[in-house]
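User: I'm new to reading protein structures. Could you walk me through this one, feature by feature?

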Amino acid sequence: MAQEAKIGLEIHGYIDTNEKLFCSCKAIHGAKLTNPNVNICPICTGQPGAKPMAPNARALDKAIQIALILGCEINKKISWQRKHYSWPDLPKGYQNTLSGPHSTPTGKNGKFLGIKISECHLEEDPAAWNPKTGEIDYNRSGIPLIEIVTEPEFKNSEQVEKWLRELIITLGYVKALDSVAGIKADVNISVKKSNYTKIEVKNVNSIKNIKDVIDLEIERQNKKGEVPKEQETRAYDPIKRATKKMRSKEDAQDYRFISDPDLQEINITQQRIIALKKTVPETPSKKLNKLIKKHKIPKNSAEILTKNIDVIELFEKTINKINSKLTTRWISEELFSVLNYNKKRLDEISINPEHFIELLELIEKRIITESKAREILRSWIPKSESPKANAKEHSQIGNKEEIEKAVDEVIKNNTAAVEDYKSGKHETINFLIGKVMQATNKRANYNLAKEILVEKLK
Ligand SMILES: [Zn+2]
């Protein structure tokens, strides 16, 4: 068990928008883009005389939705700041942000799973600078970022890891973050031995690295001779698995924040906040509780179902009409297996919940077989169709004579397998029953077909 500490996070994530924050360049980055400097213009490369456009309204809405789902109060007056620093990735010489001493963040005083959120605010990303080659890629420059700042209330790395995983699932509920890009964080760690002197590790990407940094720092700060005497900023090297000092408090940067004269103050109306509130669903933890307590879904399945907003919404619609056991199994097993096979998320295909309910009704009423239903489900990539329309031709065969006919054909045409079965290889029955299902276009009543087959092979 690791020693306790006080840990706080400043989490950065890319907001999922089509365009950058102050220009209409495409907001694509990371793995999705291979060529540097294709989505650029005079604004996001900081050309002299270029003025920002009015901020991307969708990015601001998403930032407000994030603040709302984290229980924050929303600030109604938003004033853009220039945060000055000199670095090759910052062509204007300043970053536009809603943080800083003269600003009001997008949201403040929130709480998420027991941890206080001091604020969350919108800002623009700088470009990407490669210090080894000196090259700068401006594709990223001006992409909207959200920064979520927690109070230093975490005690250990396990708690942080669990909380971050829940946070990412929760932000997925408002579809606010670019899920492919992942998150980055500045991590504050302080230990009792140093009288809680704050050490900040900058720019740690991935939950795994954040967890590593916390464990490494707690160990280091408790070591003789390494106990921090003053605040400092450090960097993490994931290859060496070590942090190293960047600067102490004395040489802390002065960002010379000023309000940006090129950007108007924005008033967030109460109407806008109310409209956005309506789009924010219950948090995953609330939904999880409901599934377990109200619908009696086993915890494991409930956790799977609440990981994604589209999945849980389909579940909630279906469970009004279909029994919970069948619904749980057909979403968490059958639907997931089709999605995984096609490497798709539910929101990347179009399944009408009514069609899904019809499909399960046909199974429930034993009008079609489950294997027929699987085939229908597989045919719903990329778009579902009403299964009722073709239910008749898909209907289950319960007629004994009709199945017997198919069984006789299968026995006749698969002599080798029949011999194997008779000589004691009883698992061959699965192959033969598969053949019967195939011969009846997956419509034969499975149990009846098996019964007849076993009888005839005696
Ligand atoms: Zn641009």
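Analyst: Let's begin with metal sites. Donors are N, O and S atoms within 2.8 Å of the metal (3.2 Å for Na, K and Ca), and since water is not among the atoms, sites may look incomplete. Four donors count as tetrahedral if all angles lie between 85 and 135 degrees; four count as square planar and six as octahedral if opposite donors are over 155 degrees apart and all others between 65 and 115, and anything else is irregular. Keep in mind that this is a predicted model, where local features need pLDDT of at least 70 and side-chain atom pairs count only at pLDDT 80 or more, while totals for chains, interfaces and linings use all residues. Residues are numbered from 1 along each chain as its sequence is written, and side-chain values use heavy atoms, with hydrogens and water left out.

User: Which protein atoms are the donors of the zinc ion?

Analyst: They are the SG atoms of C23, C25, C41 and C44, which lie 2.3 to 2.4 Å from the zinc ion. Along the sequence, the donor residues follow the spacing C-x1-C-x15-C-x2-C. C23 and C41 are 18 residues apart, and the pair links distant parts of the chain, with both in the loop between strand 1 (6–14) and helix 1 (57–69). Helices (H or I, at least four residues) and strands (E, at least two) are DSSP runs, numbered from the N terminus.

User: Why is the arrangement around the zinc ion called tetrahedral?

Analyst: Because the four donor atoms subtend angles of 103 to 113 degrees around the zinc ion.

User: Are C23 and C44 buried or exposed?

Analyst: Buried means under 20% relative accessible area, exposed means over 50%, and partly exposed is in between (1.4 Å probe, protein chains only). C23 has 5% relative accessibility, so it is buried. C44 is buried too, at 6%.

User: How many disulfides are there?

Analyst: A disulfide is a pair of cysteine sulfur atoms within 2.5 Å. By that rule the count is zero. Take C120: the closest cysteine sulfur, in C72, is 4.0 Å from its own sulfur, so that is too far for a bond. C120 is also buried, at 0% relative accessibility.

User: How do I read a list of contacts? What does T106 touch, for example?

Analyst: Contact means heavy atoms within 4.5 Å. Not counting residues up to four places away in sequence, T106 touches A63, I64, E73, I74, N75, L98, C120, H121 and L122. T106 sits in the loop between strand 5 (94–97) and strand 6 (107–112), and it is buried, with a relative accessible area of 0%.

Now try I66, which is in helix 1 and is buried as well, at 0%. With residues up to four places away left out, I66 touches I146, I148, L171, A176 and L177. I66 and L171 are 105 residues apart along the chain, yet their C-alpha atoms are separated by 6.5 Å.

User: What does the side chain of R234 make a polar contact with?

Analyst: A polar contact is a pair of N or O atoms within 3.5 Å; within protein, one must be able to donate a hydrogen and the other to accept it, and residues adjacent in sequence count only if both atoms are side-chain atoms. For R234, the partner is the side chain of E217, at 3.5 Å. R234 belongs to strand 13 (residues 232–237) and is buried, with a relative accessible area of 8%. Leaving aside neighbours within four places in sequence, its contacts include I199, K202, R220 and T243.

Compare K296, in the loop between helix 5 (284–293) and helix 6 (299–305). K296 is exposed, with a relative accessible area of 65%, and its side chain reaches the backbone oxygen of K293 at 2.9 Å.

User: What about the backbone? Which residues does the cis peptide bond join?

Analyst: It joins I381 and P382, with omega about 5 degrees. P382 is in the loop between helix 10 (370–378) and helix 11 (391–394). Another backbone feature is the phi angle: N195 has a positive phi of about 60 degrees although it is not a glycine. N195 is in the loop between strand 11 (183–190) and strand 12 (199–205), and it is exposed, at 68% relative accessibility.

User: Last one: how is the protein divided into domains?

Analyst: Domain bounds come from an automatic or database domain assignment. Here they are domain 1 (6–276), domain 2 (281–390) and domain 3 (400–457). The centres of domain 1 and domain 3, taken over C-alpha atoms, are separated by 62 Å.
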